[in-house]
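Subject: The structure you asked about

Hi there,

Here is the structure I promised to send over. Please have it open while you read, as my notes follow it piece by piece.

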Amino acid sequence: MRRIYMDANATTPLLPEVFEAMRPFFIDSFGNASSVHHFGQRARAAVEQAREQAAALLHCRPAEIVFTSGGTESDNTAIFGILRPGDHLVTTSIEHHAVLQAADKVRERGVEVTVVPAGPSGNVDPEDIRSALRPNTRLISVMMANNETGVIQPVEAIGKVATEAGVAFHTDAVQAAGKIPIDVAAIGCHLLSISAHKFHGPQGVGVLYVRRGTRFEPLVFGGSHERQRRAGTENVPGIVGLGKACEIALAALTDGTDDRIALLRHRLEQGLLARVDDCGINGVDQPRVPNTTNMYFDHLEGEALVIALDLKGLAVSGGSACSSGSPEPSHVLNAMGLPQSRAQSSLRYSLSRLSTDDDVDAALELIPAAVAQLREYSPVYKKHLAEAAAK
Ligand code: PLP
């Protein structure tokens, strides 16, 4: 069976160029980047080159890049690193669990937390962020692009609110990196998280951008790695892979790769809207990253559709990978105010540079057929048809 992957927001495969860049650092150039000898120096040089590549993607100084174990650690470091008991955090209802769960934890430790609701299109209003500010607000954390809907948040306007109020601003750009340009100065953020495996780098390595002069307490203590901002021997192959993936991602913004992905997404959406009744796109009236669409197919269970499509060879997701498999509907779609039945009938399709026209053609055959089959067995759909006939 041909397998088609449309779950790039969960993770992406390594590009061969990324793997080749990493390969020497597993066996030949295996040194510890903190060692003073030749082996260590080779590893150190590679780590510093990757720091420059990451800085180029984010438009910041290399010294502002801190390597971490991924998006979750970067988000946690921003939140635990800035906030102390008595401080106030402003975040939103559509953040990734890496932010929301960390916010719950700091609340238990005496931090006040305001969770600003999102609008029905999955967007956050900067004025709502402003209204939530208090004299003791220390940190605003609002994501750059949502992992489930792809909706791009007005981070530049939120950065202005933060600057005017003299409050630190963290943005989780894990789903923005490699999909839209990121310029930390334009955003006006103090902290920003990215994760390599979301843009064809390896799993388990990420970056926390920390603006020069921003004081925070590290999450991990030990050696003086990463200028005492994150202890632990650097994951040299991972960091090298992240650097290479950043270089490729930066080029993709201007070499037509992202435009091609946007066209594929458009064809998928329009094809499904034309072929399936009672379906639609969540967050459609907002700017969205080019690779993501979140679509509802009323009168069926999304999880059943994920399984039906997987059996036919198409991998999609019912929400974020971290929460799929749980019977709870997506907290993001809930936060947008979707009725529970619609939230539960929604799936995320996320493409990458490896997606092809053939993939979209196949999806346009498989999805309508699977939806029709599930609806055929659905008592809810039968009831809907009977009600429609009675009108
Ligand atoms: N933030 C967002 C928006 C994400 O989508 C993810 C992963 O799904 C993360 C954070 C966590 O990143 P990682 O998997 O690198 O820990």
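Predicted model: local features only at pLDDT ≥ 70, side-chain atom pairs only at ≥ 80, totals over all residues.

Three strands form an open sheet in the order 9-10-12, and their pairing is antiparallel. Strand 9 (279-281) and strand 12 (346-350) are the edge strands, each pairing on one side only. From one strand to the next, the twist averages 25°.

Helix 10 (residues 257-275) lies across strand 9, strand 10 and strand 12, at about 10° to strand 10. Helix 11 (residues 302-311) lies across strand 10 and strand 12, and runs at about 45° to strand 12.

**Helix 14 and its two partners**

Helix 10 and helix 11 each have a contact with helix 14 (residues 357-376), so I will take them in turn.

With helix 10, the axes come within 10 Å and cross at roughly 20°. An angle under 35 degrees counts as roughly parallel, so helix 10 is roughly parallel to helix 14. The crossing of these two helices is right-handed. On the helix 10 side, the residues that meet helix 14 are Leu264, Arg267, Leu268, Gly271, Leu272 and Arg275. Their counterparts in helix 14 are Asp357, Val360, Asp361, Ala363, Leu364, Ile367 and Pro368. By type, the residues of this contact are 8 nonpolar, 1 polar and 4 charged.

With helix 11, the axes again come within 10 Å, but here they cross at roughly 125°. That angle makes helix 11 oblique to helix 14. Helix 11 passes helix 14 in a right-handed crossing. Ala304, Leu305, Ala308 and Leu309 of helix 11 make the contact with Leu366, Ile367, Ala370, Val371 and Leu374 of helix 14. What kinds of residue make up the contact of helix 11 with helix 14? They divide into 9 nonpolar, no polar and no charged.

**More on helix 11**

The buried residues in helix 11 are Gly302, Leu305, Val306, Ala308 and Leu309. Their cover includes strand 10, strand 11 (314-315), helix 13 (340-344), strand 12 and helix 14. After helix 11 comes Gly313, which has a positive phi, near 100°.

**Strand 3**

Elsewhere in the chain, strand 3 (residues 88-92) is mostly covered, with 5 of its 5 residues buried. In a regular strand, side chains alternate between the two faces of the sheet. Here both faces are covered: His88, Val90 and Thr92 are buried on one side, and Leu89 and Thr91 on the other. Strand 3 pairs with strand 4 (residues 112-116) in the parallel sense over 5 bridges. Within that pair, Thr92 stands opposite Val116 of strand 4.

**One last residue**

Gln41 sits in helix 2 (residues 38-58). Leaving aside residues up to four places away in sequence, Gln41 touches Ser35 and Val36. Its C-alpha atom is 9.7 Å from that of Ser29, which is 12 residues away along the chain.

Happy to go through any of this with you.

Best wishes

Definitions and conventions:
Residues numbered from 1 in each chain as written. Heavy atoms only, no water. Axes fitted to C-alpha atoms, helices over the stretch in contact; angles between N-to-C directions. Helix = DSSP H or I, 4+ residues; strand = E, 2+ residues; numbered from the N terminus. Parallel < 35°, antiparallel > 145°, perpendicular 65-115°, else oblique. Left-handed = near helix turned anticlockwise from the far one by under 90°. Contact = heavy atoms within 4.5 Å. Nonpolar A, V, L, I, M, F, W, Y, C, P; charged D, E, K, R; others polar. Buried < 20%, exposed > 50% of the residue type's maximum accessible area, 1.4 Å probe, protein only. Pairing = 2+ DSSP bridges.
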